[in-house]
Each structure stands twice: as structure tokens, then as C-alpha cells.
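User: Hi! I've just opened this one and would like to talk it through with you. Could you start by putting it on screen?
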Amino acid sequence: IAIKSTLDQAQSIMSEVEDTLKRISAHKGVEGIVVVNKDGIAIKSTLDQALTVQYSSLISSLAAQASHVVRELDPQNGLTFLRVRSKKHEIMVAPEKDYLLIVIQNPSD
């Protein structure tokens with residue numbers, strides 16, 4: 001019974017994650033979403049394989065460096081959100097304990 005309950009909980013969480021990703025994807029200008037584990041490996045993505053690998057690696061590294069900078073400036077503080085904007089894209093990163101949520105959007109939309 002405990003195993004069935006745990007499986008039901010996992011399915012419920014996955015359903016919530018899917019619903020959240022769909023809701024974010026529906027926002028104007030969103031071009032892609034990548035969920036990356038703490039090791040920098042994509043566990044969910046709406047991008048093609050090559051872009052997923054590229055964003056996972058580079059943004060994980062950038063978020064780790066940004067987190068380090070925030071802690072160096074104030075050891076009592078922590079990175080809660082990171083936004084990088086260029087001419088072509090805006091990349092928003094929401095770091096959590098075990099993963100990063102990366103959203104790529106077109107800033108002109």
C-alpha cells in the first residue's frame with residue numbers, strides 16, 4: 001500500500017510539473033524551457049537536443065558563478081533569480097535546491 005501511495009504522489013507531482021511547464025510555455029514570447037538537475041543535466045526540455053545541452057551546460061555554470069558572487073558579497077544571502085537579456089533572447093533562471101528552471105524568451109514579443 002505504501003508503494004502505491006508513493007507512486008500516486010510521484011504521478012501527481014509530475015502532473016503538476018507538466019501543467020506548470022505548459023502554463024509557462026503559453027506565455028507570449030517563450031521559446032523554450034529547460035529543467036536542469038544539480039549536476040547540470042537536463043531532465044526536461046522543450047528545446048531540441050543540441051540547444052538543450054548547450055543551455056544546460058552554460059546556464060548551469062553561469063548560475064553557479066552568480067550564486068557564488070551573491071554569497072561572497074553577503075554570506076547570509078542567496079541567489080533567488082537570475083535574468084540575462086541580450087538583443088535576441090531573455091534567459092530567466094529560477095534556482096531551487098535540486099534543480100534550475102531555465103526559461104528562454106524573445107524579449108521583443
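User: Thanks! Which residue in the turn of the hairpin of strand 1 and strand 2 has a positive phi?

Analyst: That is Gly 40, with a phi of about 80°. The hairpin has 4 residues between strand 1 and strand 2. Strands here are DSSP runs of E with at least two residues, helices are runs of H or I with at least four residues, and both are numbered from the N terminus.

User: Before I go on, what should I know about the model and the values?

Analyst: This is a predicted model, where local features need pLDDT of at least 70 and side-chain atom pairs count only at pLDDT 80 or more, while totals for chains, interfaces and linings use all residues. Residues are numbered from 1 along each chain as its sequence is written, and side-chain values use heavy atoms, with hydrogens and water left out.

User: Good. In what order do the elements run along the protein chain?

Analyst: From the N terminus, the order is α-β-β-α-β-β-β. That comes to 2 helices and 5 strands.

User: And how do the strands line up in the sheet?

Analyst: The 5 strands make an open sheet in the order 2-1-5-4-3, with antiparallel pairing. Two strands pair if DSSP finds at least two bridges between them. Strand 2 and strand 3 are at the edges with a single partner strand each, so one side of each has no neighbour in the sheet. The twist averages 15° from one strand to the next; axes for such angles are lines fitted to C-alpha atoms (for helices, over the stretch in contact), and angles run from 0 to 180 degrees between N-to-C directions.

User: How many bridges hold strand 4 to strand 5?

Analyst: There are 6 of them, and Val 93 has Ile 102 in strand 5 as its bridge partner. Those two strands form a hairpin with 3 residues between them. On the other pairing of strand 4, 4 bridges join it to strand 3, and Arg 83 stands opposite Met 92.

User: Is strand 4 mostly covered or mostly open?

Analyst: Mostly covered: 5 of its 6 residues are buried. Buried means under 20% relative accessible area, exposed is over 50%, and partly exposed lies in between, using a 1.4 Å probe and protein chains only. For the protein chain of 109 residues, 29% count as buried.

User: Switching to helix 2, how far does it reach?

Analyst: Its 25 residues span 36 Å from first C-alpha to last, close to the 36 Å expected at 1.5 Å a residue. The expected span is 1.5 Å times one less than the number of residues.

User: What covers its buried residues?

Analyst: The cover includes strand 1, strand 2, strand 3, strand 4 and strand 5. Among the buried residues of helix 2 are Tyr 55, Ile 59 and Ala 63.

User: What does its side chain reach in the backbone?

Analyst: A polar atom of the Thr 52 side chain lies 2.8 Å from the backbone oxygen of Asp 48. Polar contacts are pairs of N or O atoms within 3.5 Å; within protein, one must be able to donate a hydrogen and the other to accept it, and residues adjacent in sequence count only if both atoms are side-chain atoms. Asp 48 also has a side-chain oxygen within 3.2 Å of the backbone nitrogen of Ala 50, at the start of helix 2.

Terms used. Contact means heavy atoms within 4.5 Å.
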